[in-house]
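Colleague: Can you walk me through this model? I would like to go helix by helix, then look at a few single residues.

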Amino acid sequence: MTTQTGRMLDEEHRRNLALLERMERAIAGAPEATPELRKLLGEFARSMEVDISRHFEFEEQQLFPRLAEAGDGSIAALMGEEHAAIREVAEELLPLAREVAQGVVDEEAWDRLRLGTLELIERQVSHIQKETMAVLPLLDDLLDAETDGELALEYAATA
């Protein structure tokens with residue numbers, strides 16, 4: 001991948017995968033929310049709230065329409081559908097993650113949080129893998145140097 005935009009998204013994907021891996025290891029077998037896990041849940045909640053919306057909106061507004069115009073509408077549509085599914089799970093999970101991060105939890109909420117987190121992790125990892133293999137390589141042909149530079153600056157400005 002040679003575009004600045006592709007490299008930026010790839011770096012973000014790698015950071016997100018590292019967080020998802022830490023979260024999965026921490027929550028999968030945890031019988032309760034330890035102080036360390038609550039801290040990680042706070043980071044995870046911030047990622048769901050800020051990074052997912054920022055990343056998805058950029059792709060949906062700037063990349064997917066360009067992919068569709070270039071004849072790759074099916075991959076853009078699939079990625080958009082996955083964004084919607086991930087957002088739905090994240091919206092349900094976010095209030096629970098915040099509560100648990102603040103130490104407010106009962107057994108039912110803890111079970112829902114664990115299961116929802118594992119579902120979100122599975123969806124995100126799969127999505128990131130598809131995007132990395134199918135979308136990011138297309139940017140090399142899709143974006144000329146000027147457009148790539150403009151998009152990279154625009155995306156960096158939203159961080």
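**Helices, cores and single residues**

Modeller: This is a predicted model. In H1 the buried residues are Thr5, Gly6, Leu9, Asp10, Glu12, His13, Asn16, Leu19, Leu20, Met23 and Ile27.

Colleague: What do the buried residues of H1 pack against?

Modeller: They pack against H2, H4, H5 and H6.

Colleague: And what is the span of H1 between its end C-alpha atoms?

Modeller: The end C-alpha atoms of H1 are 36 Å apart. That agrees with expectation, because 25 residues at 1.5 Å a residue should span 36 Å.

Colleague: Let me step back. How many helices and strands does the chain have?

Modeller: The chain has six helices and zero strands. Read along the sequence, the pattern is α-α-α-α-α-α. The C-alpha trace spans about 50 × 25 × 20 Å along its principal axes.

Colleague: What share of the residues is buried?

Modeller: Of the 159 residues in the chain, 42% are buried. As for contacts between residues at least 6 apart in sequence, 82% of them join residues at least 24 apart.

Colleague: Back to H1. At what angle does H1 pack with H6?

Modeller: The angle between H1 and H6, which covers residues 145–157, is about 35°. Their axes are 8 Å apart.

Colleague: Why give both an angle and a distance?

Modeller: Two packed helices are described by the angle between their axes and by the distance between those axes.

Colleague: Which residues meet there?

Modeller: From H1 there are Gln4, Thr5, Met8, Leu9 and Glu12. They meet Asp148, Gly149, Leu151, Ala152, Tyr155 and Ala156 of H6. Sorted by class, this contact of H1 with H6 has six nonpolar, three polar and two charged residues.

Colleague: New topic: H3. How many residues does H3 have, and how far does H3 reach?

Modeller: H3 runs over residues 73–101, which is 29 residues. From first C-alpha to last, H3 reaches 39 Å, close to the 42 Å expected at 1.5 Å a residue.

Colleague: Where is the kink in H3?

Modeller: The kink lies at Leu93 and is about 35°. Leu93 comes shortly before the proline Pro95. Just after H3, Gly103 takes a positive phi of about 90°.

Colleague: What about H4? Which residues of H4 are buried?

Modeller: They are Ala109, Trp110, Leu113, Gly116, Thr117, Leu120, Ile121, Gln124, His127, Ile128, Glu131 and Val135. The elements that cover them include H1, H2, H3 and helix H5 (139–142).

Colleague: How far apart are the end C-alpha atoms of H4?

Modeller: They are 40 Å apart. This agrees with the 42 Å that the 29 residues of H4 should span at 1.5 Å a residue.

Colleague: Now the largest nonpolar core. Which members touch the most other members?

Modeller: Those are Met23, Leu41, Phe44, Met48, Trp110, Leu113 and Leu120, out of 28 residues in that core. The elements giving two or more residues to this core are H1 (4–28), H2 (35–69), H3 and H4 (107–135). There is also a second, separate core of 14 residues, and Phe58, Val135, Leu139 and Leu143 are among them.

Colleague: Take Leu113. What does Leu113 touch?

Modeller: Leaving out residues up to four places away in sequence, Leu113 touches Ile27, Leu41, Leu93, Leu96, Ala97 and Val100.

Colleague: Single residues next. Is Ser47 buried or exposed?

Modeller: Ser47 has a relative accessible area of 6%, so Ser47 is buried; the cut-off for buried is under 20%. The place of Ser47 is in H2. With residues up to four places away in sequence not counted, Ser47 touches Asn16, Leu19 and Ile52.

Colleague: Is Arg46 buried or exposed?

Modeller: Arg46, also a residue of H2, counts as exposed because its relative accessibility is 52%. The cut-off for exposed is over 50%. Arg46 and Ala97 are 51 residues apart in sequence, and their C-alpha atoms are 9.7 Å apart in space.

Colleague: And why does Gln129 count as partly exposed?

Modeller: Gln129 counts as partly exposed because its relative accessibility is 46%. Gln129 lies in H4. Gln129 and His13 are 116 residues apart in sequence, with 8.8 Å between their C-alpha atoms.

Notes: Residues numbered from 1 in each chain as written. Predicted model: local features only at pLDDT ≥ 70, side-chain atom pairs only at ≥ 80, totals over all residues. Heavy atoms only, no water. Helix = DSSP H or I, 4+ residues; strand = E, 2+ residues; numbered from the N terminus. Expected span 1.5 Å × (residues − 1). Bend = angle between axes of the 7 residues up to and from the residue. Core = buried A, V, L, I, M, F, W, Y, C linked by side-chain atoms within 4.5 Å. Buried < 20%, exposed > 50% of the residue type's maximum accessible area, 1.4 Å probe, protein only. Contact = heavy atoms within 4.5 Å. Axes fitted to C-alpha atoms, helices over the stretch in contact; angles between N-to-C directions. Nonpolar A, V, L, I, M, F, W, Y, C, P; charged D, E, K, R; others polar.
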